[in-house]
Amino acid sequence: MSISGGLSSALSGLNAAARAAEIVSSNIANAMTEGYGRRELQTSARSLGGSGQGVRVVGVVRRSDPILIGDRRLAQAGSGGRDSMAAFLRRLESVLGTPDSSTSLGSRVAAFDTALLEATSRPESEARLSKVLETAKSLAAHLASAGGEIQATRGAADDQIGDQVTQVNTALGRIADLNGQIRANFGTGRDSSALLDQRQQVIDSVAKIIPLREVPRDNGQIALFTTGGAVVLDGLPGELGFTPVGVVVPGMTQASGALSGLTLNGKPLSTRAEDGPISGGTLAAAFAVRDDLAPDAQAKVDAIARDLIERFADPALDSSRAPGAAGLFTDAGAAFSPANETGLAQRLRLNAATDPAQGGALWRLRDGLGATVPGAVGNAQLLKDMQSSLLAQRIPASGGLSNGARSFAILSADMVSGVASARVSAEGEASYASARLDTLRSMELEDGVDTDQEMQSLMLIEQAYAANAKVMTTIDDMIQTLLGM
């Protein structure tokens, strides 16, 4: 080997070592960065005229495990969807109240029952009649508040859908742009590792919303499909369509056209949570809350309100009422019609005839809603009959509640218990999904940058750099010797 050849080889070694040190330092700096793929420098022997002439940097390879990343993304979507379901049920349980709470539905029913019982022993007492009025109004207000919260949750889910659709559309456009930049880099041989990191991070940002499968295409590009088979990006990005309504009220459904569905490139897309094209992520969960879980909860609360109204609307209970007139509990002040049950809980009101604040009189709780003048102050029969109606074994007429005759207190407790049971089940599923996601994330990090290994590589690079520098120093000494002869 000539002196010039040795000098060229040593110089190429220095350049390769410097480039390797740069890559190792980048790996160490991004050891905990999600979406970062470990880099490795690819080199090969350089030859000229059949003889070795140092080392050539071929390029930089980004290491990642696409199967592990795909599994982690699916776990991310599953965890997000289950968390959303569990959060809705926790909120619903909180609205209805747990049995140990003094403001729960069960506590208000018990307070109303106690007030009726106490009033039967002293029917002439205005204080006790006032307590009956107060507890009855509190019970009606609690059911109305629960219904209002359910619809507020539906409205929040509708807004969330709109936000997530915007986020997905923005991300798909960004991924398409990155695909183009990566394709251009492949054509010129430039390193695309940073662009690949960015693309993975953008995909990860929407993987919680919609479960995605990544399919490789030519020149480093990718296509994206949902696990349900919908094509959201293949060359050109797809566009999801959705129109938020702002305010959601009982009776508004996607089937009736009052609520927006989802479209992909202008074509309707099923939003079923279990087996639809977008099932498994937070977007499907938001649709499930808006279109399934919350309406089902509303139906159950409406059924409780209906049962309460009908218990006190029995014509045999109060002979002073005109036929068809409202009982103690009303539908916004009027008699209840079974054809208008949706949203009944929000319209549940106490009969104004018993409320002095609305021009009524307390003595009508004792003497009858249709009474025009007070009766005998010691007559507690109506109050006894009202308490008996509250305790009567009755089969609920609607709401999907389980069959079986029950008192109003047991019926209410059964509904609250059902919500608690569903919440516990949902939290169990969410906990399992979260544990699976954490495990896959740990595996992904373990498969990524190993700082110990990188530090060992850095020491070898340092030795190689020093050796090449020594070669150059030796060649310089040889040249100086020749020039001095």
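Predicted model: local features only at pLDDT ≥ 70, side-chain atom pairs only at ≥ 80, totals over all residues.
User: Why is helix 2 called roughly parallel to helix 5?

Analyst: Helix 2 (residues 66-96) and helix 5 (residues 193-207) pack at an angle of about 30°, with axes 9 Å apart. Helices are DSSP runs of H or I with at least four residues, and strands are runs of E with at least two, numbered from the N terminus. Axes are lines fitted to C-alpha atoms over the stretch in contact, and angles run from 0 to 180 degrees between N-to-C directions. Angles under 35 degrees count as roughly parallel, over 145 as roughly antiparallel, 65 to 115 as roughly perpendicular and the rest as oblique; helix 2 is therefore roughly parallel to helix 5.

User: What makes up the contact between helix 2 and helix 5?

Analyst: Contact means heavy atoms within 4.5 Å. Helix 2 contributes Ile 69, Arg 72, Arg 73, Gln 76 and Ala 77, and helix 5 contributes Gln 200, Ile 203, Asp 204 and Ala 207.

User: Is Gln 200 buried or exposed, and how do you know?

Analyst: Buried means under 20% relative accessible area, exposed over 50%, and partly exposed in between (1.4 Å probe, protein chains only). Gln 200 has a relative accessible area of 7%, so Gln 200 is buried. Not counting residues up to four places away in sequence, Gln 200 touches Gly 35, Arg 62, Ile 69, Arg 72, Arg 73 and Glu 444.

User: Why does Asn 219 count as partly exposed?

Analyst: The relative accessibility of Asn 219 is 42%, so this residue counts as partly exposed. Asn 219 is found in the loop between strand 3 and strand 4.

User: What is stated about the phi of Asn 219?

Analyst: Its phi is near 60°, a positive value in a residue other than glycine. Most residues other than glycine have a negative phi.

User: How do you know that strand 3 and strand 4 pair?

Analyst: Two strands pair if DSSP finds at least two bridges between them. Five bridges join strand 3 to strand 4 (residues 222-226), and these strands run antiparallel. Leu 212 stands opposite Thr 226 in strand 4.

User: What makes strand 3 and strand 6 edge strands?

Analyst: The open sheet has four strands in the order 3-4-5-6, with antiparallel pairing. Strand 3 (212-216) and strand 6 (236-237) each have a single partner strand, so one side of each is left without a neighbour in the sheet.

How values were computed. Residues numbered from 1 in each chain as written. Heavy atoms only, no water.
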